[in-house]
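Have the model open while you read.

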Amino acid sequence: RTADKYCGPVVGRFGNRIGKGRFTLDGKEYQLTINNGENHLHGGLRGFDKYVWDAEVLEDGVKFSRVSLDGEEGYPGTLRVSVSYRVANGALTITYDAVSDQDTLCNLTNHSYFNLNGGGTALSHTLQIHADRFTENSDQCMPTGKILPVDGTPFDFRAPKPVGRDIGQDDVQLRNCGGYDHNFCLADTGALLPAAVLSSAESGVTMRVSTTMPGVQLYAANFLGPWTGKGGAMYEKRDAVCLETQFYPNAMQCEAFRKPVLKAGERYHQVTVYAFSNK
């Protein structure tokens with residue numbers, strides 16, 4: 001049940017959506033597998049989350065690696081990829097590295113669901129996102145290429161507010177995706193910078209997200225559950241929040257978006273930190 005909800009894995013070769021699974025690179029059009037309506041989502045029918053990776057123990061964590069062969073799910077190039085998880089001082093640092101023998105797309109992210117109370121609705125969690133713009137979505141949750149201001153909309157998280165405060169507003173962007181499932185535009189400098197802060201007054205836990213990526217997808221678990229999980233725990237709609245750091249979805253079809261192209265022989269290197277504290 002959880003496999004199609006992406007509970008916790010690294011997703012790739014391209015996290016998030018690509019319209020109709022098509023893109024043009026170096027003058028050649030590629031057709032990827034379709035697994036989300038008429039679109040490509042999180043790497044396709046057998047994305048990175050559906051493989052067993054090689055594991056290496058580090059002094060302060062673990063490193064997973066795999067080789068994604070040329071043509072896997074329709075992507076060009078053999079991609080050698082590794083993801084390292086390190087824990088120190090209450091912070092989980094995820095480092096993504098990859099190199100390809102051909103020009104290809106690469107957009108890796110983590111799809112963990114967070115509930116700082118350990119269960120129940122996440123709508124009471126307080127969220128702040130350091131972004132004054134977000135990408136407009138179609139009714140298939142597909143970025144159209146337009147970048148909209150958050151000012152005066154339910155998408156204004158510049159000041160901390162409850163996740164659920166505005167999620168029920170009669171807003172076309174919320175209707176299009178059944179709630180929040182949108183990319184927010186961060187400072188695109190390549191430096192590790194603050195992206196978002198999620199906190200719970202009930203538990204006293206705060207999670208601070210920093211990333212080198214230019215975007216973060218807020219997904220309010222609009223289609224999670226209902227099902228019974230480990231230990232009888234119930235998983236219900238909006239019982240968690242995902243904050244997926246990324247290049248913008250559908251970027252190859254949107255002229256204004258930076259292209260997530262990894263050139264042959266160049267190094268893909270991105271870092272995201274989830275830092276936890278309590279009162």
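What follows starts with the ground rules and then goes topic by topic.

This is a predicted model, where local features need pLDDT of at least 70, side-chain atom pairs count only at pLDDT 80 or more, and totals for chains, interfaces and linings use all residues. Residue numbers run from 1 along each chain as its sequence is written, and side-chain values use heavy atoms, with hydrogens and water left out.

**Cysteines**

- A disulfide here is a pair of cysteine sulfur atoms within 2.5 Å, and the count by that rule is one.
- The pair in question is C141 and C177, with an S to S distance of 2.4 Å.
- These two cysteines link distant parts of the chain, 36 residues apart: C141 sits in the loop between strand 13 (133-137) and strand 14 (143-149), while C177 belongs to helix 1 (residues 172-177).
- Helices (H or I, at least four residues) and strands (E, at least two) are DSSP runs, numbered from the N terminus.
- Both C141 and C177 are buried, where buried means under 20% relative accessible area, exposed over 50%, and partly exposed in between (1.4 Å probe, protein chains only).
- C185 is in no disulfide, and the nearest cysteine sulfur, that of C254, is 11 Å away; C185 is buried too, at a relative accessible area of 4%.
- For C242, the closest cysteine sulfur is in C7 at 7.8 Å, too far for a bond, and C242 counts as buried with 0% relative accessibility.

**Around N176**

- N176 is another residue of helix 1.
- A polar atom of the N176 side chain lies 3.0 Å from the backbone oxygen of N137.

**Around L218**

- L218 lies in strand 19 (residues 215-219) and counts as buried, at 0% relative accessibility.
- Not counting residues up to four places away in sequence, L218 touches a set of residues including L127, I129, F157, Y180 and C242.
- L218 and E244 are 26 residues apart in sequence, yet 6.8 Å apart in space, C-alpha to C-alpha.

**Pockets and the cavity**

- On a 1 Å grid over the protein atoms alone, a cavity is a set of points where a 1.4 Å probe fits but cannot get out, a pocket is an open set with protein on both sides within 12 Å along at least five of seven lines, and lining residues have an atom within 4 Å of a point.
- Grid points are joined across faces, edges and corners, and a volume is the space filled by probe spheres set on the points.
- The largest pocket holds about 370 Å³ of space; 20 residues line this pocket, and the closest to its centre are D4, Y6, R17, N36 and L41.
- The second largest pocket comes in at about 250 Å³, with 14 lining residues, of which N115, G119, Y235, D239 and A240 are closest to its centre.
- Searching the whole structure turns up one cavity of 30 Å³ or more, and the volume of the largest cavity is about 40 Å³.
- The lining of that largest cavity includes L186, A187, T189 and M213, and strand 17 (residues 193-199) gives the most to it, with three residues.

Technical notes: Polar contact = N/O pair within 3.5 Å; in protein donor to acceptor, adjacent residues only side chain to side chain. Contact = heavy atoms within 4.5 Å.
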